[in-house]
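This briefing goes through selected strands, helices and single residues of one model.

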Amino acid sequence: MIGTPILPEIRELIEQRNFSALQRLFDDWLPVDLAELISDLPENEQAILFRLLTKDAATETFEYLDFDAQQNLLNALTQKDVTHILNSMSADDRTALLEELPGPVAQELIKLLSFKEFKIAKTLLAYAEDSVGRLMSPDFLSVKKDWEISRVLEYIRTHGHESETLNVIYAVDDHGKLVGEMLARDLLLSPLDKRVEEIIDEDKLITLTATQDQKDALEAFKRYDRVALPVVDSNGYLIGIVTVDDMLDVAEEEETEDIQKFGAIEALEEPYIDVPLPELVKKRAVWLVVLFLSEMLTASAMSHFEDELAKAIVLATFIPLVISSGGNSGSQAATLIIRSLSLGEISIRDWWNVMRREILSGLMLGSILGTIGFIRVILWAAILGHLTQVWIRIGFTVGFSLIGIVLWGTFAGSMLPMLLKRLGLDPATSSAPFVATLVDVTGIVIYFSVASLILKGVLL
């Protein structure tokens with residue numbers, strides 16, 4: 001692993017141009033650590049260190065680099081080196097690189113591929129951007145179902161280096177249709193004279209299709225706890241595999257997108273630091289404008305009760321206390337429900353149970369806050385020496401308003417994500433700020449409606 005004690009040593013060796021010492025040092029480093037080091041170096045030094053790596057290490061390291069470092073190296077390396085890297089990369093990692101590059105640049109790089117790799121690249125890039133086909137690797141091991149285990153093992157020894165993974169071996173019929181899979185463990189523990197068809201279980205076969213959305217594939221990996229899943233065409237022919245390392249990248253992208261949406265930001269397509277400032281402002285401004293316009297409804301609601309405010313200005317003192325509690329309870333509920341929907345813990349069919357639980361939760365939470373609010377008003381009045389029948393009524397106004405507003409907040413925060421899910425929209429768009437704004441507007445109405453009932457004939 002890269003550590004702070006090593007970095008000064010590397011810096012010194014670079015400045016001294018002691019490349020032989022650097023080569024010896026890097027012999028014991030893992031590709032992922034080399035990639036981290038190269039990415040942290042200035043652009044003019046990245047190619048210097050990269051050229052010190054062996055061909056195999058260079059290819060593996062290149063796959064771990066971030067896009068900016070990859071692009072910099074492609075510009076700095078010779079065509080011969082670039083050709084070797086592109087032809088040696090795993091097909092799925094190469095596809096991820098090519099789809100990020102500008103079209104003309106990608107086309108020029110594709111021309112450097114061998115005929116075999118060119119066909120693979122063209123096939124994978126032909127699939128939709130967020131489809132399983134873009135993640136698919138054609139490097140897998142498949143064997144005939146009538147082979148004996150001894151023949152399978154010999155086949156693996158000969159061709160295993162070409163496969164993306166050896167954890168799973170796939171069985172096909174004479175026409176190439178997928179019929180089953182074997183885990184490496186089952187294969188190694190089976191008698192040599194046993195046939196593949198005696199090991200595989202066709203009924204438990206889980207497959208993906210190349211046109212499926214990557215989100216669906218991610219759910220399949222989570223549900224069935226697999227390290228790899230086969231990809232078949234519409235006729236059931238095995239055309240590739242998707243491995244769990246690719247799914248981890250998809251999961252990270254999905255989680256990042258949901259978090260950004262939950263913060264009322266349009267999803268960023270690049271790392272934060274790489275997003276141009278005008279685009280970053282645009283991504284954030286849209287929701288801010290929507291929320292600002294929504295908050296204007298709060299001002300409109302307050303103006304509707306301006307007579308009540310003029311008669312009992314003391315009510316304005318407790319508006320932030322009451323309204324913020326509704327927004328906070330709504331944000332809590334929205335967070336819980338959106339995450340539960342994302343993890344598959346609940347579905348739209350559970351709406352009644354969710355609503356019932358949140359109504360009960362809202363009543364209990366509102367009662368807790370309402371009691372605290374009532375006590376706070378009474379203590380404040382007592383300390384100021386103003387404790388009268390009017391202040392007791394104001395305390396009840398604050399207490400009962402909190403119960404109603406917190407109840408409404410939990411209801412809105414829990415039901416809005418499920419409604420969006422039912423409409424086929426992303427629940428994350430019912431972000432906490434949006435729920436809070438909704439509750440702010442309605443909270444004003446609830447607060448002054450309760451005040452009108454309790455303080456009528458006293459202050460109002």
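Five of the six residues of strand E6 are buried, so E6 is largely enclosed by the rest of the structure; buried means under 20% relative accessible area, exposed over 50%, and partly exposed in between, with a 1.4 Å probe and protein chains only. The model is predicted, so local features need pLDDT of at least 70 and side-chain atom pairs count only at pLDDT 80 or more, while totals for chains, interfaces and linings use all residues. Residues are numbered from 1 along each chain as its sequence is written, and side-chain values use heavy atoms, with hydrogens and water left out. Helices (H or I, at least four residues) and strands (E, at least two) are DSSP runs, numbered from the N terminus.

**Sheet E4-E5-E6**

- Three strands form an open sheet in the order E4-E5-E6, and the pairing is mixed; two strands pair if DSSP finds at least two bridges between them.
- Strand E4 (208-209) and strand E6 (238-243) are the edge strands, each with a single partner strand, so one side of each has no neighbour in the sheet.
- Strands E5 and E6 are antiparallel and are joined over five bridges.
- Within this pairing, Ala-228 stands opposite Thr-243 in E6, and Pro-230 stands opposite Ile-241 in E6.
- The hairpin of E5 and E6 has five residues between the strands, and Gly-236 takes a positive phi near 90° there.
- Most residues other than glycine have a negative phi.
- Asp-225 counts as exposed because its relative accessibility is 67%.

**Strands E1 and E2**

- Strand E1 (residues 142-144) runs parallel to E2, and three bridges join them.
- Strand E2 (residues 168-172) is mostly covered, with five of its five residues buried.
- The cover extends to both faces of E2: Val-168, Tyr-170 and Val-172 are buried on one side, and Ile-169 and Ala-171 on the other.

**Packing of H8 and H10**

- Two packed helices are described by the angle between their axes and the distance between the axes.
- For helix H8 (residues 91-100) and helix H10 (residues 115-125), the angle is about 60° and the axes are 10 Å apart; axes are lines fitted to C-alpha atoms, for helices over the stretch in contact, and angles run from 0 to 180 degrees between N-to-C directions.
- The crossing of H8 and H10 is right-handed, a term for a near helix turned clockwise from the far one by less than a right angle, whereas anticlockwise is left-handed.
- H8 contributes Ala-91, Arg-94, Thr-95, Leu-98 and Glu-99 to the contact, and H10 contributes Glu-117, Ile-120, Ala-121, Leu-124 and Leu-125; contact means heavy atoms within 4.5 Å.
- By class, the H8 and H10 contact has six nonpolar, one polar and three charged residues, where Ala, Val, Leu, Ile, Met, Phe, Trp, Tyr, Cys and Pro count as nonpolar, Asp, Glu, Lys and Arg as charged, and the others, Gly among them, as polar.

- Leu-49 belongs to helix H4 (residues 43-50) and counts as buried because its relative accessibility is 1%.
- Beyond neighbours within four places in sequence, Leu-49 is in contact with Ile-14, Leu-22, Phe-26, Leu-37 and Leu-41.
- In helix H5 (residues 55-64), the buried residues are Ala-58, Thr-59, Thr-61 and Phe-62.
- These buried residues of H5 pack against helix H3 (31-40), H4, helix H6 (67-76), helix H7 (79-88) and H8.

- Ser-414 is part of helix H19 (residues 389-422) and is buried, with a relative accessible area of 0%.
- A polar atom of the Ser-414 side chain lies 2.9 Å from the backbone oxygen of Thr-410.
- Apart from neighbours within four places in sequence, Ser-414 is in contact with Ala-333, Ile-337, Val-354 and Glu-358.
- Asn-328, in helix H17 (residues 319-343), is exposed, with a relative accessible area of 51%.

**Separations in space**

- Asn-328 and Pro-230 are 98 residues apart in sequence and 45 Å apart in space, C-alpha to C-alpha.
- Leu-49 and Ile-392 are 343 residues apart along the chain, and 76 Å separates their C-alpha atoms.

Definitions and conventions:
Polar contact = N/O pair within 3.5 Å; in protein donor to acceptor, adjacent residues only side chain to side chain.
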